[in-house]
Amino acid sequence: MASQKVLDALNKQLQMEFFSEYFYISMEAYFADNNLDGFANFFNVQAREERDHAYKIFNYIGRAGGKVVLQAIEQPKVDFESPLEVFELALQHEKLITSSIYEIANLAMEERDHTTSSFLRWFIDEQSEEEESTEKVVKKLRLLKNDPAGLLMIDQELAQRAYVPPVQNA
């Protein structure tokens, strides 16, 4: 059983993961509105993955003896200036999520909650991948500045990203 402190932190993280899904759907809509279907695909996949992350936490809270307490999800930003701005915001958001997960991991260690520490290892590894993939796109967008041909090449590249449902959504 997890302590109430850990359960409260996990419920807060649950809200953050659902917000992440919502935030990325907003980004998907921006790109769809601008006929950049590959970029839209990237954020569609990202949103679906965030929902999976939320449900991993949702299910874990119950297994850890807690109660899921859903919290309000604020409206995400919906107007963006450029693809670069979108990806810079996404990277900043991923870093925020990473920081929050680290805080919960530190709390679990303080509470000697080895089960939650083990559970969070997957999220720590996942966040490393999320930051890396987002930062790669940021760097590419910075290199091309506003070159339309380069933007279309990245759009084609991002169209190849595929959603892979989790083997076990627990």
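Is Thr98 buried or exposed? Thr98 is buried, because its relative accessible area is 7%. Buried means under 20% relative accessible area, exposed means over 50%, and partly exposed is in between, with a 1.4 Å probe and protein chains only.

Some ground rules. This is a predicted model, where local features need pLDDT of at least 70, side-chain atom pairs count only at pLDDT 80 or more, and totals for chains, interfaces and linings use all residues. Residues are numbered from 1 along each chain as its sequence is written, and side-chain values use heavy atoms, with hydrogens and water left out.

Back to Thr98. Thr98 sits in helix 3. Helices are DSSP runs of H or I, at least four residues long, numbered from the N terminus. Beyond four places in sequence, Thr98 touches Gln127 and Glu131. Contact here means heavy atoms within 4.5 Å.

Now helix 3 itself. Its 28 residues should span 40 Å at 1.5 Å a residue, and the end C-alpha atoms are 41 Å apart, which agrees. The expected span is 1.5 Å times one less than the number of residues.

Next, the loops. Arg112 counts as exposed because its relative accessibility is 68%. Lys145 lies in the loop between helix 4 and helix 5. Lys145 is not a glycine, yet has a positive phi of about 55°. At 64% relative accessibility, Lys145 counts as exposed.

On to the inside. A nonpolar core is a set of buried Ala, Val, Leu, Ile, Met, Phe, Trp, Tyr and Cys residues joined through side-chain atoms within 4.5 Å. Which members of the largest core touch the most other members? They are Met27, Phe31, Phe39, Phe43 and Phe87, out of 23 residues. Two or more residues each come from helix 1 (4–33), helix 2 (37–63), helix 3 (83–110), helix 4 (114–144) and helix 5 (148–158). Helix 1 gives the most, with 6 residues. Take Met27. Leaving out residues up to four places away in sequence, Met27 touches Phe43, Phe80, Val86, Leu89 and Ala90.

There is a second, separate core of 22 residues, including Ala9, Ala54, Ile61 and Phe123. Ala54 also turns up among the contacts of Phe18. Phe18 lies in helix 1 and counts as buried, at 14% relative accessibility. Leaving aside neighbours within four places, Phe18 is in contact with Arg51, Ala54, Tyr55, Leu70 and Ile73.

Last, the largest pocket. On a 1 Å grid over the protein atoms alone, a pocket is an open set of points where a 1.4 Å probe fits, with protein on both sides within 12 Å along at least five of seven lines; lining residues have an atom within 4 Å of a point. About 400 Å³ of space lies in this pocket. That volume is the space filled by probe spheres set on the points, which are joined across faces, edges and corners.

What lies nearest the centre of the largest pocket? Glu49, Glu126, Glu129, Glu130 and Arg161 do, among 21 lining residues. The lining divides into 7 nonpolar, 4 polar and 10 charged residues. Charged means Asp, Glu, Lys and Arg; nonpolar means Ala, Val, Leu, Ile, Met, Phe, Trp, Tyr, Cys and Pro; the others, Gly among them, are polar. Helix 2, helix 4 and helix 5 each supply at least two lining residues. Helix 4 gives the largest share, 8 residues.
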